[in-house]
Amino acid sequence: MPDSTQAVDIPPAPAVPDEVDRLYGELEARVHAQRPTEDLAMLRKAFEFAAARHLGQKRVSGEPYMVHPLLVARQLAEMNMDLVCLETGLLHDVVEDTTATLAEVIKEFGEDVARVVDGVTKLSKLNLASREERQAESVRKMLLAMVHDIRVIMVKLADRLHNMRTLASLSPERQERIAAETMEIYAPIAHRLGMGKIRAELEDLAFRVLEPEASSGLLKEFEAAHVANEAFLMEIKHTVEQLLAREGIPARVDGRLKRAYSVFQKLKRQKISLDQVYDLLAVRIITDSVKNCYAALGVIHNEWHPIPGRIKDFIAIPRPNLYQSLHTSVMGPGGRHFEVQIRTDEMHRVAEEGIAAHWKYKEGRRGAAQDDQRITWLRQLVEWQREMHDPGEFMSTLKVDLYPEEVYTFTPKGRVITLPRDATPIDFAYAIHSDVGNTCTGAKVNGRIVQLKYGLRNGDVVEILTQAGHLPSKDWLALVKTSRARNKIKHVINTTERVKAIEIGEKYLEREARRFGVALSRISNTQMAAVAADYGVSKIEDLHAALGYGKYSARQVLQKLAPDQVMPEAPAAVPAPEPPAGTAPGQRQPAGDQDLIIKVKGIDDLLVYRAKCCNPIRGEAIVGYVTRGKGVAVHSLNCTNVQNLMYEVERKIDVEWARAASETFEVKLLIHTEDRPGILNQLTTVLFGEQINIRSLEARGDDERATDGAIIDVTVEVRDKKQLERVVSAVRRISGVRDIERVNQ
């Protein structure tokens, strides 16, 4: 069931509500106009089947539940999808939310419709323990289904779009959760499929929920300048039309204001003010041929001075989602910057609708051609992540994979390799082949040797230096940007680290057994396997590996194997000394430390400490990572290092905040502001109002980014995540504050 369409059982109504009938009539009329020769009997049958099953159900808003599937189907009709897709739109919730079964759907509507319905249906909540696991496995299921039939994601995007449009009836917590998932998963998928129109609406709707103050603030600024912006765009549009007509270039010219979320991203990324956004205002030229696209670019540059570094040719080198256009920013009348986008009609259609723009469903065809670039990334994604069993790792890696790819590099032979922004030569090497990546020892970029951490740029020609027998370094995990490279590196490290851990675990257990006089030779494999099962692992070597990593202590294992010889261990008065390198005894908490703020679930005697890289605070989702000889390092789930560390799932351990808040946590904030008198006074007043203790504060000019900018470094003490969020919100409301970010200490 879609999160924003909770069904509520009420007494059955005597007939289908008029509103539902009216909406279906409009849908059928629209589809008939699009497909005058096709029989719509199965579409009506799907409507009647779904209406009967959903009869008596209502959405949280109070309207009949059937309104939702009808509006999803209407969205699919607007995307010009086929009848299988439209029928699925009407039926997409019947298996999840009613008594209907997939077998019934197969019987009544055939294999194609049933397959897409099943692909859209989320997993049962009874199957998995946590919300994170349910979300991860449902998304994984959807991605696998997408590979075989792209219509699955078409229905899912239409479903999510209608849910986002009607989010207001839900609780704030559910709104935020659904909006976050939309921003992290569904909008990027729409982008990767080239569906710019749907992506834009999903992002803007999610932005209003996730950043309400920033969203309303930007909209107010847009509204204040609306009249002036409209007049400027009309003037530019008229001038461009005249210039193109004079040169005999046929074209349609439109003006537009940059989307609020897109502006917000740029302001946050570049730490600039609204008047420094070069592409806030844009003119789009749509012409008839590629030749005239370049001719139009020449006309624009002849009339206005182009801004250096702002010319992008996505026609010669399309984006991975097949987006094509020429982009340039110019200095217009009165010194105002504006952007010009130039494309053909076909390019415009692909930019707006993406994979749906020219989708032709014929007999036996369910998905894209094998060489469709927009689907290739998905096939690779599913292949790379098929072995990922940890739901947190799967979702985190997926979010990285869905980010737009923007760097275009070349092999010495001229092959184009597309990589994410800030990718390194290591990413490039693994994009060529896993063997090239594993044996990489260095790289040349444009003929010059560079460090492996070098950030690749558009147009770089990269040559990878290799050496037989070389293996990747664990440090590479902090450098790479692609999941392909990360997963290949993890696999190699995992293999070598596991072998070491098993060997250390065996020696550790033998040493402790000798100390307590336990003869391991007399203990059968069956007994050992039973103890391994007690610890949640299936093999004896898995238990040895866990001991080698320090996840459990050997004494705990021996106490289970020989309870008469090994007594349970009392908590030590002081922590045990750190073991020598290459060993992994379990660590102990000081008994006198009754003020624990984090504990390991189900285990009381492991040393736990907060990782300095992310310094998690109470209320944040946290995860434990077992380190050999040092205990359990606790990271925030959002920590950039978590994925680099979790190359071995066995090292992950569940941790939780242990008691009510009384302690405080130091948090360092970096505030980007205008450089004006009085802003420090306003900041300290706000912090005082929130009863926040300031540990340190320093202000300086931000000459690198903006001549009128300033940076304030402030370290404060907060009780938990909620208090920090209130502080950040209050600081954002100060006039002149451009951005605020938390800095890991």
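**Sheets, a helix pair and cysteines in a predicted model**

Strand β7 (residues 326-331) is joined to β8 by six bridges, and the two strands run antiparallel; here strands (E, at least two residues) and helices (H or I, at least four residues) are DSSP runs numbered from the N terminus, and two strands are said to pair if DSSP finds at least two bridges between them. The model is a predicted one, in which local features need pLDDT of at least 70 and side-chain atom pairs count only at pLDDT 80 or more, while totals for chains, interfaces and linings use all residues. Residues are numbered from 1 along each chain as its sequence is written, and side-chain values use heavy atoms, with hydrogens and water left out.

Strands of a sheet pair through backbone hydrogen bonds, either parallel or antiparallel. Strand β8 is mostly covered, as seven of its eight residues are buried, where buried means under 20% relative accessible area, exposed means over 50%, and partly exposed lies in between (1.4 Å probe, protein chains only).

An open sheet of three strands has the order β12-β11-β13, with antiparallel pairing. Strands β12 (448-450) and β13 (462-466) stand at the edges and each has a single partner strand, so one side of each is left without a neighbour in the sheet. The twist from one strand to the next averages 35°, with axes taken as lines fitted to C-alpha atoms, for helices over the stretch in contact, and angles running from 0 to 180 degrees between N-to-C directions. Strand β11 (residues 440-445) is joined to β13 by five bridges, and Lys444 stands opposite Glu463 in β13. Helix α18 (residues 425-432) lies across β11, β12 and β13 and runs at about 80° to β13.

A further open sheet consists of four strands in the order β21-β22-β20-β23, again described by antiparallel pairing. At its edges stand β21 (693-701) and β23 (737-743), each with a single partner strand, so one side of each is left without a neighbour in the sheet. The twist of this sheet averages 20° from one strand to the next. Six bridges link β20 (residues 665-674) to β23, and Leu670 stands opposite Glu741 in β23. Helix α25 (residues 679-689) packs on the sheet and touches β20, β21 and β22 (709-718), its direction making about 160° with that of β21; contact here means heavy atoms within 4.5 Å.

Helices α8 (residues 151-165) and α9 (residues 172-192) pack at an angle of about 140°, their axes being 11 Å apart. The residues of this contact divide into eight nonpolar, one polar and three charged, where Ala, Val, Leu, Ile, Met, Phe, Trp, Tyr, Cys and Pro count as nonpolar, Asp, Glu, Lys and Arg as charged, and the others, Gly among them, as polar.

The structure holds zero disulfides, a disulfide being a pair of cysteine sulfur atoms within 2.5 Å. For Cys613, which is in no disulfide, the nearest cysteine sulfur is that of Cys639, 3.5 Å away. Cys613 counts as partly exposed at 24% relative accessibility, whereas Cys85 is buried, with a relative accessible area of 0%.
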